[in-house]
Amino acid sequence: DALAGIMLGIGPWFGMMSAVGFSYWTNYNYKSPILFAASMQFIGNLMYATAYTYKSMSMCLIGRAIAGIGSPRIINRRCVADITPFSLRTA
């Protein structure tokens with residue numbers, strides 16, 4: 001049970017830690033962080049999916065952690081906030 005909790009919580013935890021780096025990185029551009037996040041998301045999900053085939057819990061945890069690093073929520077929100085004019089953001 002504890003290992004299942006770690007497996008589910010490791011993705012959001014690494015996503016929260018990577019948000020600091022992504023928020024600093026998006027001061028300069030949006031293309032590079034989004035491409036990096038997409039590649040990390042692909043690699044992490046691929047490792048997570050193949051962990052069952054290899055019966056490897058460590059591969060599962062590493063895949064979830066890498067997928068968490070690739071969660072671009074902060075990039076998307078910041079990009080939308082920078083591109084959308086203020087008059088359209090308020091009701």
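## Basis of the values

The model is predicted, so local features need pLDDT of at least 70 and side-chain atom pairs count only at pLDDT 80 or more, while totals for chains, interfaces and linings use all residues. Residues are numbered from 1 along each chain as its sequence is written, and side-chain values use heavy atoms, with hydrogens and water left out.

## Helices α2 and α3

Helix α2 spans residues 31–54 and helix α3 spans residues 57–69; helices are DSSP runs (H or I, at least four residues), numbered from the N terminus. Their axes come within 7 Å and cross at roughly 165 degrees. Axes here are lines fitted to C-alpha atoms over the stretch in contact, and angles run from 0 to 180 degrees between N-to-C directions. α2 and α3 are therefore roughly antiparallel (angles over 145 degrees). The crossing of α2 past α3 is left-handed, meaning that the near helix is turned anticlockwise from the far one by less than a right angle; clockwise would be right-handed.

Residues of α2 in contact with α3 include Phe36, Met40, Ile43, Met47, Tyr48 and Tyr54; on the α3 side, Met59, Ile62, Arg64 and Ile66 are among them. Contact means heavy atoms within 4.5 Å. By class, this contact has 13 nonpolar, five polar and one charged residues. Nonpolar covers Ala, Val, Leu, Ile, Met, Phe, Trp, Tyr, Cys and Pro; charged covers Asp, Glu, Lys and Arg; the others, Gly among them, are polar.

## Helices α1 and α2

Helix α1 (residues 2–25) packs on α2 at an angle of about 165 degrees, with the axes 12 Å apart. That makes α1 roughly antiparallel to α2. The crossing of this pair is right-handed.

Met7, Phe22 and Trp25 in α1 meet Ser32, Pro33, Phe36, Ala37 and Tyr48 in α2. The residues divide into seven nonpolar, one polar and no charged.

## Aromatic pairs

The whole structure has four aromatic pairs, that is, rings of Phe, Tyr and Trp (its six-membered ring) with centres within 6.5 Å. Phe22 and Trp25 form a stacked pair, 6.4 Å centre to centre with 15 degrees between the planes; stacked means planes under 30 degrees apart.

Phe22 and Trp25 are three residues apart in helix α1, which places about one helical turn between them. Phe22 is buried, at 3% relative accessible area, whereas Trp25 is partly exposed, at 29%. Buried means under 20%, exposed over 50% and partly exposed in between (1.4 Å probe, protein chains only). Ring pairs also link Phe22, Trp25 and Phe36 into a cluster.

Methods: Helix = DSSP H or I, 4+ residues; strand = E, 2+ residues; numbered from the N terminus. Parallel < 35°, antiparallel > 145°, perpendicular 65-115°, else oblique. Phe/Tyr/Trp six-rings, centres within 6.5 Å; stacked < 30°, edge-to-face > 60°.
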